[in-house]
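Please open the model in your viewer and keep the selection panel at hand.

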Amino acid sequence: ELKRPVKLPLVMETVTTYGSTDNAVAEGVLPGAGVRDDVGGLQVDLSSSAMVGLKGGMEYLLDYPYECLEQSVSRMVPLVLLKDLGRAYGLEQLGDADGLVARLIARVQKLQRWDGGFSYWPSSNSSYPWASAYAAWGLTQAKELGHKVSPAVLDKAKGYLKKQLRWGKKKDEDGPTMATYAYMAHVLTHMGEKMASDIATLFERREELPLFGRALLLSALVKGGGAKEMTDALVSELLNKVQQTAKGAKVEENLGDGYAPLFHTSTRSTAMVLDALL
């Protein structure tokens, strides 16, 4: 006999289906065996776009407690889009997103080191190439969407990334390093720099790049107005690696632990390939 109430764990399951129709679609719902009918419930969200459920994700970004460089940039970039997304999807009441973005920008800028690169934490004096490119990209995104970013910070970041690329002309670089160079070229092109020589070098060595690295290189090519034959070759190579099913398409890259410092996942590779093709 129980002497006091027992608190049961909350169990949630989310299922998504999608498609297109000109009139009506029926979707069956079959509860699992043994589900109690006196607790819990069912919530159905409908949307005319893939943005259904966006509010929960945005609320998570507003409350996210961790503050290293990568986490701050990953939090900042979607929040700079919040204003436009809020108008489109009714999310205007999610709090002071602009104020939070300003604080995140300030935090990221304080992590810039003497050489123009960025460290993960204030206590570190070392700059990290991939993270520095990521920070420069995030700050550029924020600036383009009307947020105040220090021009001096962006100029120093450009100088750091250019210097790293100049050093990256060796023939014995490993895959993660080559992917980092592709990302630097992508970011510098987005920042308005002319990267034709570096892009041509990376294109010649693209077999050394993971798929997401080739996607970044394609984005840089398109943004920088590169040669059509290079663009066509990369598009063909990316499409040949996409795994398609009746309802979707994805990229699978099992690259090993060497790519962990680059925060690699197959989901992110899929997003990078999609972004490049778009």
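Colour the protein chain by secondary structure and read along the sequence: the pattern is α-α-α-α-α-α-α-α-α-α-β-β-α. The chain holds 11 helices and 2 strands, where helices (H or I, at least four residues) and strands (E, at least two) are DSSP runs numbered from the N terminus. The model is predicted, and local features need pLDDT of at least 70, side-chain atom pairs count only at pLDDT 80 or more, while totals for chains, interfaces and linings use all residues. Residues are numbered from 1 along each chain as its sequence is written, and side-chain values use heavy atoms, with hydrogens and water left out.

**The whole chain**

Switch to a surface display. The protein chain exposes about 17600 Å², and carbon and sulfur atoms supply 54% of this area; accessible areas come from the Shrake-Rupley method with a 1.4 Å probe, and for residues only the protein chains shown count as cover. Of the 278 residues in the protein chain, 42% are buried. Buried means under 20% relative accessible area, exposed over 50%, and partly exposed in between (1.4 Å probe, protein chains only). Among contacts between residues at least 6 apart in sequence, 63% join residues at least 24 apart, a contact being heavy atoms within 4.5 Å.

**Helix α2**

Select residues 69-80, which form helix α2. How far apart are the end C-alpha atoms of α2? They are 16 Å apart, which agrees with the 16 Å that 12 residues should span at 1.5 Å a residue; the expected span is 1.5 Å times one less than the number of residues. Helix α2 is mostly covered, with 9 of its 12 residues buried. To display the buried residues, select Leu 69, Glu 70, Ser 72, Val 73, Arg 75, Met 76, Val 77, Leu 79 and Val 80.

Two packed helices are described by the angle between their axes and the distance between the axes. Axes are lines fitted to C-alpha atoms, for helices over the stretch in contact, and angles run from 0 to 180 degrees between N-to-C directions.

Select helix α4 (residues 97-110) together with helix α5 (residues 129-144): they pack at an angle of about 145°, with their axes 11 Å apart. Helix α4 passes α5 in a left-handed crossing. A crossing is left-handed if the near helix is turned anticlockwise from the far one by less than a right angle, and right-handed if clockwise. Show the side chains of Ile 105, Val 108 and Gln 109 in α4, which meet Ala 135, Leu 139 and Ala 142 in α5. The residues of this contact divide into 5 nonpolar, 1 polar and no charged. Here Ala, Val, Leu, Ile, Met, Phe, Trp, Tyr, Cys and Pro count as nonpolar, Asp, Glu, Lys and Arg as charged, and the others, Gly among them, as polar.

Remain on α4 and pick Ala 106. At 33% relative accessibility, Ala 106 counts as partly exposed. Its C-alpha atom is separated by 9.5 Å from that of Lys 148, 42 residues away along the chain.

On α5, pick Lys 143, which counts as partly exposed at 44% relative accessibility. Leaving aside neighbours within four places in sequence, Lys 143 is in contact with Val 149 and Leu 154. Lys 143 and Val 80 are 63 residues apart in sequence and 9.4 Å apart in space, C-alpha to C-alpha.

Next select helix α8 (residues 196-204) and helix α9 (residues 211-223), whose axes come within 11 Å and cross at roughly 145°. Helix α8 passes α9 in a left-handed crossing. Ile 199, Leu 202 and Phe 203 in α8 meet Leu 217, Ala 220 and Leu 221 in α9. By class, this contact has 6 nonpolar, no polar and no charged residues.

Is Met 230 buried or exposed? At 15% relative accessibility, Met 230 counts as buried. Met 230 and Phe 203 lie 7.4 Å apart, C-alpha to C-alpha, and 27 residues apart in sequence.

**The loop between β2 and α11**

Finally, select the loop between β2 (249-250) and α11 (266-277), where Phe 263 has its place. Phi of Phe 263 is near 60°, a positive value in a residue other than glycine. Phe 263 counts as partly exposed at 33% relative accessibility.

Pro 261 is found in the loop between β2 and α11. Pro 261 touches Tyr 120 and Trp 130, not counting residues up to four places away in sequence. The C-alpha atoms of Pro 261 and Pro 176, 85 residues apart along the chain, are separated by 8.6 Å.
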